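Hello,

Here is the structure you were waiting for. My notes follow below it.

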Amino acid sequence: MRKADMVARIADKTGIPKVDVLVTLETFFKEVKNSLTDGEAVFIRGFGSFIVKKRAAKIGRNIKKNVAVEIPEHLIPAFKPAKEFAQSIKDYGKSTTSDDGSDD
């Protein structure tokens with residue numbers, strides 16, 4: 001789903017004009033980015049957390065030159081789903097998988 005699809009769905013379900021929904025979503029994204037840039041996590045109960053993770057330094061490889069390259073320690077944005085959200089995805093996956101043994 002693209003952002004435009006999300007805006008259209010929210011506008012249809014709430015009756016709010018698409019322009020207002022778009023501005024709200026853009027503002028939400030901007031605030032999440034700003035919070036993470038400032039080192040502050042964003043917690044949304046029942047949905048999940050936007051956090052900053054630290055990646056350890058490691059040795060990578062430049063395949064074209066066949067040489068080892070050191071990748072320094074760095075920070076990356078990450079999303080950690082809430083337990084209820086993760087469980088609902090697991091339950092959905094179980095309900096869509098059919099193990100009836102038929103080869104139709």
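**What turned up**

Ser35 is buried, at 16% relative accessible area. Buried means under 20%, exposed over 50%, and partly exposed in between (1.4 Å probe, protein chains only). Ser35 sits in helix H2, residues 18-37. Leaving out residues up to four places away in sequence, Ser35 touches Glu40 and Val42. Contact here is heavy atoms within 4.5 Å.

A word on the model. It is predicted: local features need pLDDT of at least 70 and side-chain atom pairs pLDDT 80 or more, while totals for chains, interfaces and linings use all residues. Numbering starts from 1 along each chain as its sequence is written, and side-chain values use heavy atoms, without hydrogens or water.

Lys33 is also in helix H2. Lys33 is exposed, at 58% relative accessibility.

Helices (H or I, at least four residues) and strands (E, at least two) are DSSP runs, numbered from the N terminus.

Asn66 is in the loop between strand S3 (58-62) and strand S4 (67-71). Its phi is near 50°, a positive value in a residue other than glycine. Most residues other than glycine have a negative phi. Asn66 is exposed, at 58% relative accessibility.

Lys80 belongs to strand S5, residues 74-81. Lys80 is exposed too, with a relative accessible area of 55%.

Regards
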